[in-house]
Amino acid sequence: MKYKYDTLTKEEKKNLTLEFKKSNDENKNFYKKINKIKIISYIGIAYSIIMMIVDFLFDMSLINKILDSLLLIFCILFLIKTNDILRMKLTKYLINKKK
C-alpha cells in the first residue's frame, strides 16, 4: 500500500519526522517506542543469523535450527510491521496538518 508519506522526498521525510517528534509528547514517546522495537529487531536478526551459522558449523540438533529460523522470521516481520505503522502514523499526521 502506498502512503502519502512515501511520495515525499528524502529531505521532506526528514523534516516531517522532526516536526512529528516535536509536535507533542505523545508523538515523541511513540517514536521512541518504535525505534526501540526496531533496535531489538535488528539485534534479534543478527543473533539469529550468527546462531544459525553456529548451528550448521557444529551440527547442532534440528530444534536449534528451527528456533533460530523462527526468531529470524519473527524479527523480520516485526521490523516490517513497525516500519509500516510508522509510515501510517506519519501519513495521518501529514494529512491532519494540512487541514
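This is a predicted model: local features need pLDDT of at least 70, side-chain atom pairs count only at pLDDT 80 or more; totals for chains, interfaces and linings use all residues.
In soluble globular proteins, nonpolar side chains tend to be buried together.

Leaving out residues up to four places away in sequence, Tyr5 touches Lys13, Leu16, Thr17, Arg87, Leu90 and Thr91.

Now take helix α3. How far apart should its ends be? At 1.5 Å a residue, the 37 residues of α3 should span 54 Å. The end C-alpha atoms of α3 are 54 Å apart, so the two values agree. Buried residues of α3 include Asp68, Leu72, Cys75, Leu79 and Thr82. Leu86, Leu90, Thr91, Tyr93 and Leu94 of α3 are also buried. The buried residues of α3 pack against α1 and α2.

How do α1 and α3 meet? The axes of α1 (residues 10–23) and α3 (residues 62–98) come within 11 Å and cross at roughly 80 degrees. An angle of 65 to 115 degrees counts as roughly perpendicular, so α1 is roughly perpendicular to α3. The table lists the residues that make this contact.

| Helix | Residues in the contact |
|---|---|
| α1 | Leu16, Thr17, Glu19, Phe20, Ser23 |
| α3 | Lys89, Leu90, Tyr93, Leu94, Lys97 |

By class, the contact of α1 with α3 has five nonpolar, two polar and three charged residues.

Notes:
Residues are numbered from 1 along each chain as its sequence is written. Side-chain values use heavy atoms; hydrogens and water are left out. Axes are lines fitted to C-alpha atoms, for helices over the stretch in contact, and angles run from 0 to 180 degrees between N-to-C directions. Helices (H or I, at least four residues) and strands (E, at least two) are DSSP runs, numbered from the N terminus. Angles under 35 degrees count as roughly parallel, over 145 as roughly antiparallel, 65 to 115 as roughly perpendicular and the rest as oblique. Contact means heavy atoms within 4.5 Å. Ala, Val, Leu, Ile, Met, Phe, Trp, Tyr, Cys and Pro count as nonpolar, Asp, Glu, Lys and Arg as charged, and the others, Gly among them, as polar. The expected span of a helix is 1.5 Å times one less than its number of residues. Buried means under 20% relative accessible area, exposed over 50%, partly exposed in between (1.4 Å probe, protein chains only).
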